Amino acid sequence: SIQKKISEIKAAQEKARLETLLAKAETATRSARWDEAIETLTIILSSKPDEAVEAKLAEVRAKQREAKLNELKTQARGFARGERFDEALSAWAAYLALEPADHETMQTEIEGVKNAQALAKSYAEAQRAFAKKNYDQAVNLLKGIINQDENYKDASRLMAQAIELRRTTRKWWQSKWVWGAVVSSIVLVVAWFAFRPGSPLLAALQTAPTSETSLTSMPVSTIPP
């Protein structure tokens, strides 16, 4: 009779412990503390197999997975809006790794992120070209952007400015100062070659007789008295 009482007490204690654990798991589930809920339900099942608890564990794991998918999706879209494209694509990769049911649909959205990344890169290159006054490159890049999205940021305005500046900016070969420097350089080079020591022209100038010397050296005829 005493052993029976002890067994009944232990059974009651175990039942109370499992009920406490089950209540703890339920609270954790409602608070979206998925890891805690899963750990608690696993402890319950290790003590006593129960189909209801197994079903609850499967439900919590499904909710955890769904919450993770939603979290990754929200992160990826937020990163994309902030033009943090590498982080957005990383979040999408983690999303696809969970093999969601909307895998094909999300692929379309991921391609959109990649296109946006390419546009942002082209726009940044166009801005750098514009700042360096390389208007031809800037116009070509901006044309490509506008062909894909005519309302992309201020690409249309920037291209109009680049076209106007390209038209009004004098090219280097149109500069009088440049041509003056080129002509002066040519003259200096020719003069150096012409009058350098040992040059044929300088030697010819040094040996050519002057008119006075020629007249002096002519023989004077004598007239007999």
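This is a predicted model: local features need pLDDT of at least 70, side-chain atom pairs count only at pLDDT 80 or more; totals for chains, interfaces and linings use all residues.

Biologist: Where is leucine 45 found?
Modeller: Leucine 45 is in helix α2, which covers residues 34-47.

Biologist: Is leucine 45 buried or exposed?
Modeller: Leucine 45 is buried, because its relative accessibility is 18% and the cut-off for buried is under 20%.

Biologist: Which residues does leucine 45 touch, not counting those up to four places away in sequence?
Modeller: Leucine 45 touches Asp50, Val53, Glu54 and Leu57.

Biologist: Which other residues of α2 are buried?
Modeller: Besides Leu45, the buried residues of α2 are Trp34, Ala37, Ile38, Thr40, Leu41 and Ile44. They lie on the same side of α2, because they cover an arc of only 165° around the axis.

Biologist: And what do the buried residues of α2 pack against?
Modeller: They pack against α1 (2-30) and α3 (51-81). The face turned away from the buried side carries the exposed residues Asp35, Glu39 and Ser46.

Biologist: Changing topic, which residues touch the most other members of the largest nonpolar core?
Modeller: Those are Trp92, Tyr95, Tyr123, Leu142 and Ile145, in a core of 31 residues. Helix α5 (103-131) gives the most to this core, with 9 residues.

Biologist: What lies apart from this core?
Modeller: Another core, of 13 residues, lies apart from it, and its members include Leu21, Ala37, Ile44 and Leu45.

Notes:
Residues are numbered from 1 along each chain as its sequence is written. Side-chain values use heavy atoms; hydrogens and water are left out. Helices (H or I, at least four residues) and strands (E, at least two) are DSSP runs, numbered from the N terminus. Buried means under 20% relative accessible area, exposed over 50%, partly exposed in between (1.4 Å probe, protein chains only). Contact means heavy atoms within 4.5 Å. The arc is that of the directions from the helix axis to the C-beta atoms. A nonpolar core is a set of buried Ala, Val, Leu, Ile, Met, Phe, Trp, Tyr and Cys residues joined through side-chain atoms within 4.5 Å.
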